[in-house]
Amino acid sequence: MSRWKDESEARQEIKEMVKEYYAEYKRENKEFKPGDRINYSGRVFDEKEMCSLTDSVLDFWLTTGKYADRFEKMFAEYMGVKYAHLVNSGSSANLLAFATLTASELGDRQIKKGDEVITVACAFPTTIAPIIQYGAVPVFVDVTIPEYNIDVTMLEKALSDKTKAVMVAHTLGNPFNIKAIKEFCEKNNLWLIEDNCDSLGSEYTIEGETRYTGTWGDIGTSSFYPPHHITMGEGGCVYTDNKLLSKLILSYRDWGRDCICPSGQDNYCKHRFDGQFGLLPKGYDHKYVYSHWGYNLKVTDMQAAIGVEQLKKLPGFTEQRRQNWNKLYSLLEKMTDKIILPKREESSNPSWFGFLITLKENVGIDREKVIRELEASGVQTRLLFSGNILKHPCFINSKDDIHYRVVGDLDNTEYIMNNSFWIGVYPGLIDEKIEYMAQVIKEALQK
């Protein structure tokens, strides 16, 4: 005989054991000694995520399912958008967002080979990669210091009769000048893709209306990689208010198929065998009709189960990131003779991903020595992603096959590549760690 009266009782006992396991073996040790490793970011979770994951594992529904549906609805409601679609990573989210804009259904606004997309070279590579992979032309402009976002004064100079879109990220949680870019895009009938992977929870206000970053443009993207604002391990999301774009996102995400049946369902539209598509015979099974060259970028339900619990914690995570950033700023404020401290974009309330520091010119401080000193003291550092993507092997080795333009100089991009680094502000940092990081930075700058 079974030890349980039914499956529900069995599940509950298993999850109670998971709670005990978390408390015994996974609960974070808050004690800190100088020299302990301080990561730039990391997972912040408790028994709720582990129990939700366990519940999904016991379902053994290994692809997208009920937890993914639940997360998408929760996320759309949280962000204030109509449509949100989970994918397997933030990089896939960027690929999917751009692929969507190449669909023929968009008519004159379809992005084709040779069309131009304004972006920046000081970026994570997968913000730029889809532009190149689809044969479009990235048009690079410089960024500003100390906001580290696109220089909006260069937008008009970058514009041509081939420009179809602007695709840029909000850097380390700091929103770019959405008002200026949105007005520029509306004036010139351009798409705006907001790479929001490092900025979930950041807010921006235009004429008294405050919304989350990622929701001002035509499409927003998010990443749920472990260092990000919430995590599923791997995972990402593409979101929009545009019904047609939403339909196209789903098609490109799910193999390029024409069918809109949810995962695990057949004949959702009640017309599975009624249609005439392309040159296929009438009544060809709609589940196997393909309108686009798509992908399989779906998330698993196990990942989504973690995300459901993480999303509930996002407001608290966001507030803690802001507090940690403000504390670091106050501790380093007296070092501005040697360093440039970051500055939030006007009209914004960032959900900071990291704290970016730039060494000033002519102060005789070498960045490599500083970050080596920090790393040796247990403080993990990161550079601002590619620094300048044009200088990387991936670009140089395929330069003959890439069409691109650079508008103006990239002086700030170059300066950041050589003189900037950042440290963490994630919610797992306690005050003692933040104070220690600040002290180590001060000591490294004075050597």
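This is a predicted model: local features need pLDDT of at least 70, side-chain atom pairs count only at pLDDT 80 or more; totals for chains, interfaces and linings use all residues.

Modeller: Residues are numbered from 1 along each chain as its sequence is written, and side-chain values use heavy atoms, with hydrogens and water left out.

Two cavities of 30 Å³ or more are counted, a cavity being a set of points, on a 1 Å grid over the protein atoms alone, where a 1.4 Å probe fits but cannot get out. The largest cavity holds about 60 Å³ of space, where a volume is the space filled by probe spheres set on points joined across faces, edges and corners. Its lining (residues with an atom within 4 Å of a point) comprises Pro-146, Glu-147 and Tyr-148, then Thr-171, Leu-172 and Asn-174, and finally Pro-342, Lys-343, Trp-352, Gly-354 and Leu-356. Of these residues, six are nonpolar, three polar and two charged, with Ala, Val, Leu, Ile, Met, Phe, Trp, Tyr, Cys and Pro taken as nonpolar, Asp, Glu, Lys and Arg as charged, and the others, Gly among them, as polar. The charged pair in this lining is therefore Glu-147 and Lys-343.

The second largest cavity has a volume of about 50 Å³. Gly-42, Arg-43 and Val-44 contribute to its lining, as do Pro-226, His-228, His-229, Ile-230 and Thr-231, together with Gln-310, Phe-317, Arg-321 and Pro-427.

The open space remains to be described. A pocket is an open set of points with protein on both sides within 12 Å along at least five of seven lines, and the largest pocket contains about 1000 Å³ of space. At least two lining residues come from each of α3 (66–79), β1 (83–87) and α8 (243–253), where helices (H or I, at least four residues) and strands (E, at least two) are DSSP runs numbered from the N terminus. Among the contributors, α8 gives the most to this lining, with eight residues. By class, the lining of the largest pocket has 13 nonpolar, ten polar and 14 charged residues.
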